[in-house]
Amino acid sequence: METLELTADVFVAGGGPAATWAALHAARDGAEVVLADKGYCGTSGATAAAGTGVWYVPPDPAAREAAMDSREELGGRLADRRWAARVLDETYERVNELAVSARFPFPVGPDGRQLRNGLHGPEYLRRMRALVRRAGVRILDHSPVTELLADPSGAVAGAAGYQRQGRQDYRVRAGAVVLATGGCAFLSKALGCDVNTGDGALFAAEAGAELSGMEFSNAYGIAPEGTSVTKTAFYHFATFFRADGSVLEGASGVRRSPIARELLRGKVYCRLDRADEQSRAAMRLAQPNFFLAFDRMGVDPFTEKFPITLIAEGTVRGTGGIRIVSDDCATTVPGLYAAGDAATRELICGGFTGGGSHNAAWAMSSGSWAGRGAARYARSLGSRAHNRRTLALGEAGLRPGGRADGDHREVIAAIQREVLPYDKNYLRHGNVLTPALASLDDVWTGLRASLGGTGELSVRTRQAAAMAAHARWMYRSALARTETRGMAKRLDFPAQDPGQRHRLHTGGLDTVWVRPERTVVEAAS
Amino acid sequence: MIELVSAERCIACDKCITVCPTNVFDRGTDGIPVISRHDDCQTCFHCEANCPVDALFVSPRTSPEPEGAMAKDADLLTDGGLLGSYRERLGWGKGRAPAPSLAIGPPLRPGADPITS
């Protein structure tokens, strides 16, 4: 079948919160926008299936200062106050817009005012899809991007991909591209995350962009054993137990390393026995999806013990991603913008998880800025925007050095063996990370030689390549940070080292590099 | 994972085929969706939530259910009040209030805002 050829001022890769906000703002700025989602815009990604708190803080100076202070230490003092302030401003505007113009049905508190500090995923993304369509954006569902296009100067000039349901290749020549493809959870089956295989970071790196904070990539979510439901807030009410029935001291919803250690020895059980009657009923209303697993397995989580597991959430709940170099979320590559979990969230979270409220605020803010930035960049190109000679940038998993006889399933299994186990990625130690990285380098060399394909197969092989690249940036960065800061904990370097209070940039594909950020992070106040 | 597409209930609207983020279904020759790529199911519950006639059921387990499991039996699921239960909880469907409007959970700390999502 012939390739579907399209042009746009702005092309948005992704279909979750960051992508939809980007598309909306680019369109409002007058750009013609095409948005391509790997799955279905409205159900795809970590937020749509779950839901999220939002870092929504009214513009009261004391409240704002307190909000920024709360993560300062946790994040290892790598956040940037100016960015945090502008994200709080933008998020406040966007959430209010959702409430007022989009009539999102926020709950009303006892004082008669709406509570705007959270969003149910299915309702939020269903409404975002409607807003995007109404703004005139052309949505390509089930249309994973497989590679970026660049003009001869190296500026990004569009993207190419495959329509899984239409069984057709597509190509969009565009003035600018926003990557909002989410983080990478390595097909761990964390709720809604199997579309998040780090594809955007691979595309960005092939175009010459850099990443930052990739050592902050070892987030694990709690889920009832054997299920996908990685919603963790209500484990605040939990008591954790060993298999012999004794209480697992020190474990809590937020302190998960004792759980990880015990899971290496045997089962861990949980009971939400710290929730009183009134809270129990309210919890069901707040998070209908949290109870799906329990109701369907016939377990009363408040009175019965149930086995739990930890599921890798990689850079979805971590903070590493594509490096941002300007207020409109441009990358180091002209014409290429990044937003949401595909981008680094260190600017507001430092090295601590952006899970829940911060990532949601970042997605709205960075998406809105990237969309506007991309629209303006595209406009600055004038008529050249759609008429440039373009080169296809895809390499690993698309254009192998040798015969394409590799099996993507074997490659993915080999990557997962290095990144999913708690004793490698969560309880990190140099003696374990070094051989894991060596294995991943071998995986990369192998897939560069033998992994490739067209159509549906290319989607799978590119996902494998993206995960391999992601894993190598993660472990190379984790090894470079010889201290414990934020979530990047090292068993062999348990203390924070004041001399390493800098972000780590990384990049490269066949040869991965890491270097400290040159500019010193500004002092906290 | 998706375990049930009830041919009896299905109205062949293709909604589940359209909304599945990982493209698990194909349309069968009779219009009833076929679970073609079960391994790709990420257990996100969207197909079930979007089914207007509650013909689908997603087991919370990320591995396939054995033959004869309740998750594959529309009658047992109906008797257990499970078929269509997620859509109902989301407040989707005629005459239902959208779940966010009722979502006032407990605060995690005294004085903190209630959890609403």
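**View 1. Order of elements in chain B of the predicted model.** From the N terminus on, chain B runs β-α-β-β-α-β-α-α, which gives 4 helices and 4 strands. Helices (H or I, at least four residues) and strands (E, at least two) are DSSP runs, numbered from the N terminus. Residues are numbered from 1 along each chain as its sequence is written, while chains are lettered from A and ligands numbered from 1 in the order in which they are written. This is a predicted model, in which local features need pLDDT of at least 70 and side-chain atom pairs count only at pLDDT 80 or more, whereas totals for chains, interfaces and linings use all residues.

View 2. The C-alpha trace of chain B spans about 55 × 30 × 30 Å along its principal axes. Of the 117 residues in chain B, 46% are buried (20 or more other C-beta atoms within 10 Å of the residue's own, with C-beta atoms placed from the backbone). Among contacts in chain B with a separation of 6 or more, 48% join residues 24 or more positions apart; a contact requires C-beta atoms, placed from the backbone, to lie within 7 Å.

**View 3. The interface between chain A and chain B.** Here 48 residues of chain A are in contact with 37 residues of chain B. On the side of chain A that touches chain B, at least two residues each come from strand 3 (51-53), strand 4 (118-120), helix 5 (121-134), helix 8 (277-286) and helix 9 (292-297). That side of chain A has 21 nonpolar, 21 polar and 6 charged residues (Ala, Val, Leu, Ile, Met, Phe, Trp, Tyr, Cys and Pro count as nonpolar, Asp, Glu, Lys and Arg as charged, and the others, Gly among them, as polar).

**View 4. An open sheet in chain A.** Four strands of chain A, in the order 10-13-12-11, form an open sheet of 4 strands with antiparallel pairing; two strands pair if DSSP finds at least two bridges between them. Strand 10 (219-224) and strand 11 (239-242) of chain A are the edge strands, each pairing on one side only. On average, neighbouring strands of this sheet are turned by 45 degrees against each other, direction ignored. Helix 7 (residues 257-265) of chain A packs on the sheet and touches strand 10, strand 11, strand 12 and strand 13 of chain A. The direction of helix 7 makes about 110 degrees with that of strand 13 of chain A (axes are lines fitted to C-alpha atoms, for helices over the stretch in contact, and angles run from 0 to 180 degrees between N-to-C directions).

**View 5. Pairings of strand 13 in chain A.** Strand 13 (residues 306-313) and strand 12 (residues 268-271) of chain A pair in the antiparallel sense over 3 bridges. A:Tyr269 has A:Pro307 of strand 13 as its bridge partner. Strand 10 of chain A also pairs with strand 13 in the antiparallel sense, over 5 bridges. A:Ile311 in strand 13 stands opposite A:Gly221.

Methods: Two residues are in contact if their C-beta atoms, placed from the backbone, lie within 7 Å. A residue is buried if 20 or more other C-beta atoms lie within 10 Å of its own, exposed if 12 or fewer, and partly exposed in between; C-beta atoms are placed from the backbone.
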